[in-house]
Amino acid sequence: MDKIKDTRSFMRITHRYLGFFLAGIMAVYAVSGVLLIYRDTDFLKKEKKIDKVIAKNLSEKELGKELKMKNLEVEKTEGSILKFKQGTYDAATGQAKYTKKELPFVLDKMTKLHKSQSKDTLSPLNAFFGIALFFFVISSFWMFNPKTKAFKRGMVFTAVGLIVSIILIFI
């Protein structure tokens, strides 16, 4: 009977601290998941003007690859200057002037965790999951009395889980 009690105790303690640890990770995934659903919109994106010199005489396809723009389409060519929706490229000098819309640095890093688009059939389900997951993270702190040693240790595990997930984002 003692082995059963020891196993039960081990499982409860492991579940408790693993849950607190995962709370930090789930918070990051919940926020990034909801953000990613709307990545095909300009939600929270800031326009960034870029002016740089790249290789000369690039083709339309090579230019798109070099500027990291999917589906780049040259709309007009005037002499050596190629004009596209986001800017211009001088094939003779390699001068590229264009704008790019990007999420703030931290949010951009977070969104690389997983993908989903608002046009997808499952996007309402994904949004619900992200919001429900974030609710799960917040509500889990009401599962234990804040005055207990387990809760205080749990807060340390939560902080460690949050820090570990943020570090892994930047690696």
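A salt bridge here is a side-chain nitrogen of Lys or Arg within 4 Å of a carboxyl oxygen of Asp or Glu.

## Salt bridges

With that cut-off, lysine 101 forms a salt bridge with aspartate 42, and the closest N and O atoms are 2.9 Å apart. The pair links distant parts of the chain, 59 residues apart: lysine 101 sits in strand 5 (residues 95–102), while aspartate 42 is in the loop between helix 1 (2–37) and strand 1 (46–53). Helices (H or I, at least four residues) and strands (E, at least two) are DSSP runs, numbered from the N terminus. Lysine 101 is partly exposed at 42% relative accessible area, and aspartate 42 is partly exposed at 46%. For these labels, buried means under 20% relative accessible area, exposed over 50%, and partly exposed in between (1.4 Å probe, protein chains only).

The whole structure holds five salt bridges. Another of them joins glutamate 102 and lysine 48, at 4.0 Å from N to O. This pair also links distant parts of the chain, with glutamate 102 in strand 5 and lysine 48 in strand 1, 54 residues apart. Lysine 83 and glutamate 78 meet in a salt bridge as well, at 3.3 Å from N to O. Salt bridges that share partners join Lys76, Glu78 and Lys83 into one network.

## About the model

This is a predicted model, in which local features need pLDDT of at least 70 and side-chain atom pairs count only at pLDDT 80 or more, while totals for chains, interfaces and linings use all residues. Residues are numbered from 1 along each chain as its sequence is written, and side-chain values use heavy atoms, with hydrogens and water left out.

## Overall fold

The protein chain has five helices and five strands, and along the sequence its pattern reads α-β-α-β-β-β-β-α-α-α. Along its principal axes, the C-alpha trace spans about 85 × 30 × 30 Å. The radius of gyration is 24 Å, whereas a compact globule of 171 residues would have one near 16 Å; the value is taken over C-alpha atoms, and the globule rule is 2.2 Å times the number of residues to the power 0.38.

Of the 171 residues, 30% count as buried. Among contacts (heavy atoms within 4.5 Å) between residues at least 6 apart in sequence, 70% join residues at least 24 apart.

## Aromatic pairs

The structure holds four aromatic pairs. Rings of Phe, Tyr and Trp (its six-membered ring) pair if their centres lie within 6.5 Å; planes under 30 degrees apart count as stacked, over 60 as edge-to-face and the rest as tilted. Phenylalanine 20 and phenylalanine 151 are edge-to-face, 6.4 Å centre to centre with 85° between the planes. Phenylalanine 20 lies in helix 1 and phenylalanine 151 in helix 5, 131 residues apart. Both of these residues, phenylalanine 20 and phenylalanine 151, are buried. Ring pairs link Phe20, Phe141 and Phe151 into a cluster.

## A nonpolar surface patch

On the surface, Val156, Phe157, Val160, Ile163, Val164, Ile167, Leu168 and Ile171 form a nonpolar patch with about 750 Å² of accessible area together. Patches are made of residues with over 30% relative accessible area and no salt bridge: like charges are joined within 9 Å, nonpolar side chains (Val, Leu, Ile, Met, Phe, Trp, Tyr) within 5 Å. Accessible areas come from the Shrake-Rupley method with a 1.4 Å probe; for residues, only the protein chains shown count as cover. Valine 160 belongs to helix 5 (residues 149–169) and is partly exposed at 40% relative accessibility.
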